Amino acid sequence: MARLGSWIEPFPEGIFVKPADAWVDPSQPKDRALVTHGHADHARGGHGAVWATPETLAIMDVRYGQQSANPVAYGESVRLGEVDVSFVPAGHVLGSAQIILDYRGERVVVSGDYKRRPDPTCAPFVVVPCDIFITEATFGLPVFHHPDTGSEIDRLLHRLRAEPERCVLVGAYALGKAQRVIAELRGRGHDEPIYYHGAMERLCRLYEELGVPLGDLRPATGAPKAELVGKIIISPPSALNDRWSRRLPDPVTAMASGWMRIRQRARQKNVELPLVISDHSDWDELTQTIRDVAPREVWITHGREDALMHWCMLHQIKARELNLVGYEDDEEE
Ligand SMILES: [Zn+2]
Ligand SMILES: [Zn+2]
């Protein structure tokens with residue numbers, strides 16, 4: 001065979017798998033799409049047919065309406081053209097998968113987005129040895145070190161108790177982060193009702209339907225102000241500073257994101273209590289994962305490729321930078 005991975009072609013709008021005539025996470029409508037997970041920079045509506053995990057398909061139904069869907073559960077395999085395609089957990093959000101592509105003795109793994117830390121809302125990342133590992137690099141700089149999630153949740157609970165006459169408003173992405181923050185709070189013994197912005201409702205319900213318990217959740221809209229005193233309210237980041245939040249009882253504005261490691265980002269969003277909770281790998285997780293997977297080549301996308309390219313070079317791993325568009329993870333992680 002020709003060059004390693006010559007059957008996989010990266011285009012700006014996604015990764016084309018030639019012998020399957022299918023695209024991975026295409027940002028444009030395609031006849032055949034393999035989708036790693038439900039975030040908007042990976043899952044789009046309008047494809048002819050979609051292959052994804054049942055959970056990702058359920059999330060896409062909520063966001064884009066009914067798809068022409070082919071569910072592939074973790075560990076299952078389907079044959080598309082001449083390629084065997086299977087899905088294994090990526091540990092990123094509910095249903096998130098790495099896509100394994102096997103063709104004529106070569107194995108390519110497309111990670112999508114992933115993290116290695118425990119997350120009560122999704123299955124943990126599985127290490128799959130392969131020839132080419134296509135990795136994200138959202139937090140691909142050595143300065144990115146995410147602290148322990150439990151200690152960030154404890155800071156949130158401490159603040160709630162320290163100012164009992166206020167409430168804490170937590171900005172969190174509607175898919176994944178919001179449910180994870182709620183589940184982590186429950187895991188820390190916080191049994192109080194948690195209130196949510198209307199934009200969270202359908203995905204929280206879906207998580208519960210798919211077997212992720214979130215405890216006593218109530219809509220914030222319509223709740224009397226007095227009832228919200230001393231409570232935690234979860235909203236999309238975009239609602240933190242808008243009119244909606246003005247009716248809350250003197251909220252402490254918090255935000256749960258890997259980007260909260262950057263002080264300037266917290267300040268831009270008027271965040272009083274930045275919580276560094278990320279659904280992406282930090283630098284140590286990225287480099288440890290490349291060690292664990294031990295591929296012959298690493299293809300890097302989705303963020304800050306340079307430093308990881310350099311790290312691979314130092315460790316004598318062949319690396320290549322892919323320039324895909326529509327992969328900037330600022331809005332949603
Ligand atoms: Zn992403
Ligand atoms: Zn994602």
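Reader: How much of strand β18 is buried?

Author: Buried means under 20% relative accessible area, with exposed over 50% and partly exposed in between (1.4 Å probe, protein chains only). Strand β18 covers residues 297-303, and six of its seven residues are buried. Strands (E, at least two residues) and helices (H or I, at least four) are DSSP runs, numbered from the N terminus. This is a predicted model, in which local features need pLDDT of at least 70, side-chain atom pairs count only at pLDDT 80 or more, and totals for chains, interfaces and linings use all residues. Residues are numbered from 1 along each chain as its sequence is written, chains are lettered from A and ligands numbered from 1 in the order in which they are written, and side-chain values use heavy atoms, with hydrogens and water left out.

Reader: Which strands pair with β18?

Author: Two strands pair if DSSP finds at least two bridges between them. Strand β11 (residues 132-137) pairs with β18 in the parallel sense over six bridges, and A137 has G303 as its bridge partner in β18. Strand β19 (residues 318-321) also pairs with β18 in the parallel sense, over four bridges. There, R320 of β19 stands opposite W299.

Reader: In what order do the six strands of the open sheet lie?

Author: The order is β1-β2-β3-β4-β5-β6, with mixed pairing. β1 (8-11) and β6 (69-71) are at the edges with a single partner strand each, so one side of each has no neighbour in the sheet. From one strand to the next, the twist averages 25°. Axes here are lines fitted to C-alpha atoms, for helices over the stretch in contact, and angles run from 0 to 180 degrees between N-to-C directions. Helix α1 (residues 54-64) packs on this sheet, touching β5 (49-52) and β6, and its direction makes about 135° with that of β5. Contact means heavy atoms within 4.5 Å.

Reader: Where does F16 find its bridge partner?

Author: The partner of F16 is W23, in β3. Strands β2 (residues 14-17) and β3 (residues 22-24) run antiparallel and are joined by three bridges.

Reader: Is helix α3 mostly covered or mostly open, and what does it pack against?

Author: An α-helix has 3.6 residues a turn, so residues three or four places apart point the same way. Helix α3 (residues 177-187) is mostly covered, with 10 of its 11 residues buried. Among them are A178, V181, I182 and L185. The buried residues pack against elements including α2 (149-162), α4 (201-209) and β16 (251-256). After α3 comes G189, whose phi is positive, near 85°.
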